Amino acid sequence: PEAKFFTRGDQEKIVFTTCPDPGSLQQVATVIPAAEITAALIVTELEKRGLRSLLVEGGAATLRMFFAENLVDTFRLAVNPAVKVGDPRAPRLEIGSNYLQTPHSTESLGGMRVTTYAIKPDRTAEDRRYLQMAIDESRKCTPSTSSYCVGAVIVTTNRKIFTGYTHETSPTHHAEQEAILKALAAGVELRGATIYSSMEPCSERKSEPESCSELIIRHEFRRVVFALYEPDCFVCCQGALNLRRHRIEVSVDDTLSDQVRTINAHIGHR
């Protein structure tokens, strides 16, 4: 607790730990206990707290963890030309690795050669368009005090589109489930598709054998985009974390989240 990390600055300090008893750290930081620390856990918990940009600095093990879990959007590599590593056994970054494609830009900074790699393309405009479509679907729901009004849109790899909203055809169906059922009825391949949902796909169901996140995992979707994490009114949803644990890319665009909150104003949010 006496370390400068905790004593300097007014920003909130957050600690992820597998230690069963963090002791006095709880007095100086927000402590998040975990059975295992993963990049998916870190990103999801920080996102839920409103953080949208995360700078990750190594250790090699930390960087490797984020790359292995496919949670790097942009990578900046700084090389000091004056430093020579003579030992051939010294670890080196393999520039030919599949996650380092054509450099996005190169610049000189304080004598360092800094190369920026765009690991994932910027899909903001397209994502926002389909996410708005999902939110508009959610407006078709009949409000209920026992369920959220949610809309979903599936975009397949060959650009076929399927939509759904909560309870569209059954009082037990969620939006993602409705859209998936329409796609399956049309005989469409869902592997590699993207699903847009106005709210985080659920991780726990009482009325159906599979949660929406489990359905998405089983049908091998590639990406999930949503506007609002599910509030802890009914359950503590772990949908985003479950999806990331199965290497499904998850993007959150909270610029549209106020619409989702307004549509679900009939349910108290905590």
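Mentor: A disulfide is a pair of cysteine sulfur atoms within 2.5 Å. By this rule the count is 0 disulfides. Cys212 is in none, although the sulfur of Cys202, the nearest cysteine sulfur to its own, is 3.8 Å away. Cys212 is buried, with a relative accessible area of 0% (buried means under 20%, exposed over 50%, partly exposed in between, with a 1.4 Å probe and protein chains only). For Cys236, the closest cysteine sulfur is in Cys237 at 7.8 Å, too far for a bond. Cys236 is partly exposed, at 47% relative accessible area.

Some ground rules apply to everything here. This is a predicted model, in which local features need pLDDT of at least 70 and side-chain atom pairs count only at pLDDT 80 or more, while totals for chains, interfaces and linings use all residues. Residues are numbered from 1 along each chain as its sequence is written, and side-chain values use heavy atoms, with hydrogens and water left out.

Helices (H or I, at least four residues) and strands (E, at least two) are DSSP runs, numbered from the N terminus. Two strands pair if DSSP finds at least two bridges between them. In this sheet, 5 strands stand in the order S7-S6-S8-S9-S10, and the pairing is mixed. S7 and strand S10 (249–252) are at the edges with a single partner strand each, so one side of each has no neighbour in the sheet. On average, neighbouring strands are turned by 15 degrees against each other, direction ignored (axes are lines fitted to C-alpha atoms, for helices over the stretch in contact, and angles run from 0 to 180 degrees between N-to-C directions).

Within the sheet, S8 and S9 pair in the parallel sense over 5 bridges. Met199 has Leu228 in S9 as its bridge partner.

Arg159, in the loop between S6 and S7, has a phi of about 70 degrees and is partly exposed at 48%. His167 sits in the loop between S7 and H5; its phi is near 65 degrees, and it is partly exposed at 29%. Helix H5 (residues 175–185) then lies across S6, S7 and S8, and it runs at about 140 degrees to S7.

Helix H4 (residues 124–138) also packs here. Its 15 residues reach 21 Å from first C-alpha to last, close to the 21 Å expected at 1.5 Å a residue (the expected span is 1.5 Å times one less than the number of residues). Its buried residues are Asp127, Tyr130, Leu131, Ala134, Ile135, Glu137 and Ser138. Seen down the axis of H4, they fall within an arc of 150 degrees, so they line one face of the helix; the arc is that of the directions from the helix axis to the C-beta atoms. The buried residues pack against strands S6 (151–155), S7 (161–165), S8 (194–199) and S9 (223–228), and against helix H8 (257–263), where contact means heavy atoms within 4.5 Å.
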